[in-house]
Structures are given as C-alpha cells and as structure tokens.
Amino acid sequence: MYGLVRAPEIDREGLTWFNVPRPLSLRDLRGRIVILDFWTYCCINCVQVLPTLRRIEEAFPREVAVIGIHSPKFAAERDPAAVACAIRRYDIRHPVAHDPYMTLWDEYAVRAWPTLVVIGPDGKVIGQLAGEPDPDLMVQGIGDLIDNLGGICALVPGELPLTLEAPAPGPLSFPGKVKPLPGAERRWAVADGGHHRIVVCESDGRVLARYGTGLPGMDDGPAERASFTSPQGLACTADAIYVADTGNHLVRRIDLHSGLVTTVAGLGFRGLPVCEGGGADAVALASPWDLEIAGDTLFIANAGTHQLLTLDLGTKRIAALAGTGGENIHDGPARRALLAQPSGLALAPDGGALYFADSETSAVRKVVLTGAQPEVRTLVGRGLFDFGLADGCLAEARMQHPLGVTVMPDGRIAVADSYNHAVRLIDEAAGTVETVKLGTLRCEGSACRRPLAEPAGIWAAGPDRLLVSDTNNHRVVEVDLKGRRLRPWLG
C-alpha cells in the first residue's frame, strides 16, 4: 500500500468536535486524503498555516479532508468555549477535534506546533511535516499526490458533513487594539478584527466612521471600498490611522481627511525574519500585530518572525529593531535578543522606551531606546512554558499570554493579560505586579453579566481610566480605577 504505518484512530473519548454534527473517524474518511493539522490557537505559526489549508480545501473539496487537532499549549486553551471562539475568530471551516490532554499528539509522535500529518485513502500515514510549509509547494504536492494515486490506492471523493456557526451579530466582532486619535475632540480607533474593519468613535463610544467593506481583502481605495483582513493593531496621528493589517501581512494607512486607504509596507504574503531591511515596498512582513508611532518612526510588532521593526515614514525604509527571528526570551542588545510573538506596543511618554507584550513567553518587556544601542529588558516573564496568575515582585509574578500594554499617566504599565481574562498593573519603580479586582468594581448594564474573555487590547484614557478590548465578548469596556466602576463602552 501507499503508506506504511496505519494511522491511529482520531475518534476518541475526551475530544470535543466543532464544525461537524458528530465525531469523525478515519473509517468515515476512508477513500480521501486526510490532512491532520496539529495546532494551538495561541501559535502565530499555526495561524499562518490556515490560509494554505484553506487553499487546499478549495482546490480539492472532495478529494481532501482537512481535520484540525487542537492541542493546547496554555491552560486557558483547554477550555472548549475558548476554542470555539478561536475557530470563529480565524474563520476555520473544516472539522476541528479539541484534544485537551494531547492524546493524539502523543500517538502521532508530534513534537512541534504546527505539524501536518498526511494520511492516504487507505488509512495509512504518508508523511509528517513540522512547521509552516511553503503554500505553493504544499498545494502542488497535494495535487501531485492525487494525480499519482491511481492504481496504488483507490480514491473515493466525498463531502464532509459541516455545520458552521453563524457570526455573532453586533457592532464589533473580536476587537483587537483600541488607540486614541490626537486632538481636542478625543476620538478613538478600534481594530474590529472579526469584521475586517477599523472603527472610529467619540470619547463616549459612539461610532463616527467605519473603514472597510466588512469582507476580507487587501484592496486600497475609498473607505467604503477598501478592505482589510483581520486587522489587529493601530497607531494614530492627527491626520492618519496606521493599521496592522495582520491577515494580509501589511501595514496600511487611512487618511482621515479623505478616507483613502493605502498600503505603506509589506507585500501581501508572509515574510521571513528581517535582517538587513530595505524599502517598505520590498520587505515582506509576517502577521504584524500592533503599531506605535513617534514622529516619522513607526514601530511594528512583527509577530510572525518574533521581531520588532521600524519603518521610517520619511525614507520609507524598514529595519530590524529587536529580535533575530528566533523564538525565546533572551535580553541584551536588541538586535541579538530573542522575542516570542510580540503582540502589543506602547511607547513611554518621554520616548525613551518601547514596552511590548511578548505573548508566547507570557512576558512584558521593553526596548530601552536611549544609549549607544537599543537594549531589551524583561519586566515580567521567564520562559516559553512559564505562565500563570501570580502577583507580587516582578521576578515572581506570572502572566498568561498577554496581548496588550499601555503606559498610564502615573508611569504604571497596564496589561491586557489575555488568557487570564484579567487586567494587570506593573509598577516598574516599586518592582511589583497586581491584578485589578474587576469583580469588586461597581458594574453597569451588560458589564455585570459577562466577565472579561481574552482581552486583546488596552489603553489609558486618563489618569485612572482604561479602555479594554473584551475580545471574545465582542465589545470594549471602560474600567474606572478611581471611581471603581466597570461599564460597557462599545458593543
């Protein structure tokens, strides 16, 4: 037969299935090529594989069955409700088996996220690939496999019984970062990731404008015809909103006077680590997740290559600021430091430091921008698999996959500690971390009915006021620390 080893059965007790009416077995899939995608939803490399799998699903809808095997890294990712949100957030349209105790991971001898296992129509393993495949070569390889199966192993195409959940209605869908627009009017921009749009609001949350068609795409042009794909991050000036157009691997610019959307950096496909840099129209980005701006310097959290980049808006050149492209936590000279999926940025008011949420190490770190050369220092966090919910001194405190940071007027760093569903406060001067006890705040309206669920963005709206993107609840909430109040702001 074509394969040599019979694939372990995937219909097991303890698994929760999504996008299908009942669990699937390899017997159900006999006669088709099966691709098992071992992934976890925190993993940027796993997310970057999804478009390739979508291409395969669309090219070979009856010959190939893609099955996601969700194998969680973080404790929060064991929750089936959280996995369901991730499936909707990433618009996954194939069956997914949630394997909270990684039974199938062990039986298939998987060692890394992501890993793809290809099973032939006879139920035997053909091959296994760890890491992100080349999209074109992967699609071509599956096509060649289908063409060459004749006479070796019978291919019996068929349809999968899919049951996809409809998107949740409402003004926001899986919002990312929320950032202020400079000026006396005090307006705010929100990355409405699930709707593939950017929303501009007044200070009370009333919507003033929306940019983007609401459908995924990468078209430039007027606000009502331009399109984004899962935008996550923002940086604002008096004249423009710069957008981390994450799903398109681009940085875009919205002109606030004309409403025109243009592309300022990236090539529209996932890039490799940035070493020497180059022109903004020649360097490929990889899942930019957030932005910050100081004068003509735009800072980019290039999550997909575990780097921080700079874009000089005057010369239109991109350079590496921090990170080699390797994934880990290592401080020191910025260009030699190791980062792990930087996902949130905030500049110190004096411009002397760039704070960032380094999500895969559950860390909050900063780049010191003063001195002879930039230097990375860690405030909270220790390793790729060190996480938790612990307050106290910086060295002992723990977070779980934080995604957003902001610098408050008193110098404290507020953190959207995403997988702990919490707001944390770092006092760098005192060397401590504390959790905001949201349950003790006086809450209003819908804020009382739903606790935070994976907040992905946070920003200081005043001395004691925070706006928090409550991502899985599809809203932005306001936290008033002095008045001890929590209320809905948008959504």
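**Strands and salt bridges**

Tutor: In strand β29, the residue R424 is the bridge partner of V415. This is a predicted model, in which local features need pLDDT of at least 70 and side-chain atom pairs count only at pLDDT 80 or more, while totals for chains, interfaces and linings use all residues. Residues are numbered from 1 along each chain as its sequence is written, and side-chain values use heavy atoms, with hydrogens and water left out.

Student: How many bridges join β28 to β29?

Tutor: Five bridges join β28 (residues 413–417) to β29 (residues 422–427), and the two run antiparallel; strands here are DSSP runs of E with at least two residues, numbered from the N terminus, and two of them pair if DSSP finds at least two bridges between them.

Student: What is the strand order in the open sheet?

Tutor: The order of its five strands is β26-β30-β29-β28-β27, with antiparallel pairing. Because β26 (392–393) and β27 (404–407) stand at the edges with a single partner strand each, one side of each is left without a neighbour in the sheet.

Student: New topic: how many salt bridges are there?

Tutor: A search of the whole structure finds 33, a salt bridge being a side-chain nitrogen of Lys or Arg within 4 Å of a carboxyl oxygen of Asp or Glu. One of them joins R252 to D245, with the closest N and O atoms 2.7 Å apart.

Student: Are R252 and D245 buried or exposed?

Tutor: Both R252 and D245 are buried, meaning under 20% relative accessible area, where exposed is over 50% and partly exposed lies in between (1.4 Å probe, protein chains only).

Note on methods
Helix = DSSP H or I, 4+ residues; strand = E, 2+ residues; numbered from the N terminus.
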